[in-house]
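Thanks, everyone. I'll start with rings, then move to chain folds and a hairpin. Please have the view open.

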Amino acid sequence: MEFRVPPDLLAQGSLLTGVAGLALVAWGAPRRSSPAAIALWLGFTSLAASGALGLGSVPDLDAGWSAVLLLAALLLLGLAGGLAVLEFRSRARALLLAMSETESLRREVARTTGINVRLEDELREFRRQLQAGQGARSGQLALLESTVAHQRHTLEVAHEKLRRHRALFDGAVEGIVFLERETLRVAEANSSFCRMAARTPDDLAKLSLPELFADGPVRPGRADLQRSAREARALPASIERSDGHVVPVELTVAAVGDASEAVLFAIVRDASERRTAERDAERAVVELTERTHRLESAAASHEERTRNLEAANARLAELQERKDQHLTAVAHELRTPLTSIRSFSEILLRHEDAEPEIRREFLGIVQRESERLTRLVNNVLDLARIESGTAKLATSEFDARDVLADAAATVRGAAAEAQVEVVVDVGASPRTLRADRDRVQQLLVNLLANAIKFSPAGARVEAVVGGEAPGGRVSFEVRDHGRGIPKEDQARIFERYQRVEDASSPARAGTGLGLAISREIVQLHGGTLGVESAIDRGSTFRAEFPGLVEARARAAAPPPPRPVPVASAPAPERLAPLPREAPPPPRLPTPQELDLMSTTGTLPPLGGR
Amino acid sequence: MRERDADPSCGSAAPRTEGAMTESVLVADDEPFILRSLSFVLERAGFTVHQARNGDEALEALRNLRPRVCILDVMMPSRSGFEVCEIVKGDPDLRTTYVMLLTAKGQESARTRGLRSGADEYMTKPFSPSRIVERIRAVLAGGAAPVAERVGDEVE
């Protein structure tokens with residue numbers, strides 16, 4: 001055929017083209033296996049085959065096959081070209097789609113964050129070209145494809161993060177506001193903050209954060225906010241809601257970014273519940289403290305009551321013991337004169353033959369001892385009455401000088417017998433005393449008799465009325481020049497049956513109750529009785545009575561419950577009041593009982609129950 | 001309470017005829033009237049009476065005069081009757097002395113204290129002087145049951 005003018009050249013060209021095409025396809029094959037590539041591969045294969053056939057059939061021609069293959073190769077190559085164009089078109093479309101998706105992502109990111117991710121200019125240009133339908137190279141396309149895919153991935157990651165953060169932002173219980181750096185205007189607020197402030201985001205955008213704070217002791221200003229940001233410390237504040245309510249909050253301000261371009265944001269915590277809880281807790285603590293105090297004071301008062309009760313108990317026990325001692329002492333004191341009376345009366349009965357002088361002596365003893373017994377009984381009764389509080393003071397106002405004179409007259413006989421001179425100095429002006437006159441006289445007689453008893457024959461006893469200005473305190477002093485009272489005995493002498501003297505002389509036999517009664521009398525009037533004494537120089541007893549004003553006040557107010565006198569033990573500082581009922585006065589033994597006592601040696605039970 | 005004294009010897013005429021002139025009794029009490037009354041009845045009963053006004057005097061008299069009987073008041077200055085009694089009963093020379101304690105205290109404690117101190121007899125005030133005389137007569141005659149053995153040697 002004419003056609004084979006240069007048959008070798010054609011065959012060689014076909015073969016070379018086919019092999020080169022195959023090699024090219026093989027090199028590109030791993031990267032793509034599209035229909036266009038397959039067609040291209042088949043085309044080049046056919047081309048190479050036709051070339052090979054052409055070269056082999058030079059001598060005896062089988063040019064028909066070669067031509068068919070060549071034709072097929074050309075057809076296939078044409079097909080491959082068409083397919084490639086189609087494929088390019090579809091990739092371009094896909095790329096455009098991806099780019100538009102990326103663009104929308106970009107727009108959303110830009111919208112939500114304000115960050116504008118700029119597409120590169122090249123990409124824009126390419127897109128423009130693609131949209132304009134202008135051709136582009138395949139390599140360019142692939143590069144763009146990967147760029148777009150990368151960008152899209154980045155945007156997707158960013159978008160996911162943003163979505164999460166947005167969810168966090170919107171779902172947060174705390175209010176979160178972004179503030180414009182200079183004006184502190186609310187750039188963005190989350191829904192919690194909007195709820196907290198009862199305002200829409202648009203309303204908020206018109207305000208600065210400090211404008212949202214309510215007036216009050218804790219209204220942070222700009223400086224406070226900035227300091228909070230620096231020191232990362234929470235600030236107390238109150239937000240005024242649009243409805244006028246005030247919500248206590250606690251806010252933490254923070255800065256994001258570099259110092260120069262930092263964006264401030266505040267995390268605002270609704271503190272109302274917390275404040276309530278805090279207040280509750282505070283109240284609870286206060287109440288608890290109060291209760292603790294109450295309990296403590298209750299415990300203390302309980303302890304004190306216990307102590308008082310114990311003290312009262314101790315005092316009652318002491319009182320009981322003292323009553324026992326008192327009764328024993330009374331019994332002893334009663335028995336001594338009783339023994340004399342009984343002995344001498346018996347002797348007088350049995351020894352009728354005794355000399356008249358002796359009989360007279362014994363009768364005298366019986367008489368004196370009877371008198372002593374009477375005095376003793378009277379004194380015991382007196383003391384019991386005073387101590388039990390049943391002694392009523394028949395108070396009147398009188399001149400203290402008169403009562404001293406009367407007392408001195410009473411002891412005149414005893415003084416003469418003891419050869420003691422009683423000198424009374426009553427002064428010039430009257431001393432008005434408000435007291436029970438008989439009791440005061442009893443006291444003075446006791447003191448004078450005491451002084452006489454301890455004065456040696458020929459000595460003087462001096463009695464003086466003294467005191468302050470008229471209406472003031474009134475005092476009596478009775479001074480003797482006897483042998484004095486040792487210091488250690490001076491307190492003891494006011495106790496019952498504590499005779500310092502030795503009762504060796506019948507004339508001196510006292511009852512042992514005189515000074516105890518005297519002190520009771522003075523104390524009953526709110527006064528004091530004391531003694532000053534020096535050995536061999538004598539003793540001075542001084543009784544001091546309240547002045548008129550004080551005595552009248554005492555008369556107006558009922559006297560306080562009498563403390564139970566315990567002579568030797570100092571009274572505790574604070575003593576619980578003893579039971580209102582005063583203990584019954586010690587009951588004196590009846591004569592029958594006295595008789596019983598003498599034989600059985602037992603005492604009747606205490607008290608008059 | 002009145003004791004009926006059946007002892008005729010207590011009568012005023014009897015005492016000195018007994019021939020007990022040499023028997024002496026010590027009476028120790030700080031109450032002068034008790035000393036006086038006891039001395040009177042004991043002297044009338046024919047005893048020689050020594051008086052003491054306190055514990056020390058009583059001890060001194062006991063040592064010097066060696067009375068066979070002593071009446072000691074419990075409540076005495078310087079030494080109580082209990083103390084004197086304890087000394088007497090602890091002294092080999094004096095322990096045979098018949099000790100009669102006198103006290104106004106009738107309580108059991110005083111009685112037991114008295115007996116523990118070794119006293120032979122215990123009398124409470126008020127007492128009957130004639131009864132004391134009667135007791136002392138009985139003791140000196142060897143008729144005091146609880147102490148008969150002890151004082152018996154010297155009686156005869």
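A definition to begin. Rings of Phe, Tyr and Trp, the last by its six-membered ring, pair if their centres lie within 6.5 Å. Planes under 30 degrees apart count as stacked, over 60 as edge-to-face, and the rest as tilted. One caution: this is a predicted model.

By that rule, the structure holds six aromatic pairs over all chains. Take A:Phe344 and A:Phe362. Their ring centres are 4.6 Å apart and their planes stand at 55 degrees, so this pair is tilted. Where do the two residues lie? A:Phe344 is in helix H10 of chain A, residues 272–350. A:Phe362 is in helix H11 of chain A, residues 356–388. So the pair ties together parts 18 residues apart in sequence. Buried or exposed, these two? A:Phe344 is buried, and A:Phe362 is too.

Stay on A:Phe344. Its ring also pairs with B:Phe33. Here the centres are 6.4 Å apart and the planes are at 85 degrees, so the pair is edge-to-face. B:Phe33 sits in helix H1 of chain B, residues 32–44, while A:Phe344 sits in H10 of chain A, so this pair joins two chains. Both A:Phe344 and B:Phe33 are buried.

Now put the rings together. Which residues form the cluster? Ring pairs link A:Phe344, A:Phe362, B:Phe33 and B:Phe40.

Another ring in chain A has a charged neighbour. A:Arg437 lies over the face of A:Phe398, 5.7 Å from the ring centre.

On to chain B as a whole. How many helices and strands does chain B have? Six helices and five strands. Along the sequence, the pattern runs β-α-β-α-β-α-β-α-β-α-α. Chain B has 156 residues, and 56% of them are buried. Look at the contacts in chain B with a separation of 6 or more: 62% are between residues 24 or more positions apart. The accessible surface of chain B is about 6,900 Å². Carbon and sulfur atoms account for 47% of that surface.

Last stop, back in chain A. Strand E3 of chain A, residues 235–240, pairs with strand E4 of chain A, residues 246–256. The sense is antiparallel, over six bridges. Which residue stands opposite A:Ser238? That is A:Pro248, in E4(A). E3(A) and E4(A) form a hairpin, with five residues between them. In the turn, A:Gly244 has a positive phi of about 95 degrees.

That's the tour. Over to you.

How values were computed
Residues numbered from 1 in each chain as written. Chains lettered and ligands numbered in written order. Predicted model: local features only at pLDDT ≥ 70, side-chain atom pairs only at ≥ 80, totals over all residues. Heavy atoms only, no water. Helix = DSSP H or I, 4+ residues; strand = E, 2+ residues; numbered from the N terminus. Buried < 20%, exposed > 50% of the residue type's maximum accessible area, 1.4 Å probe, protein only. Lys NZ or Arg CZ within 6 Å of the ring centre and 35° of its normal. Contact = heavy atoms within 4.5 Å. Areas by Shrake-Rupley, 256 points an atom, 1.4 Å probe, with all protein chains shown as cover. Pairing = 2+ DSSP bridges.
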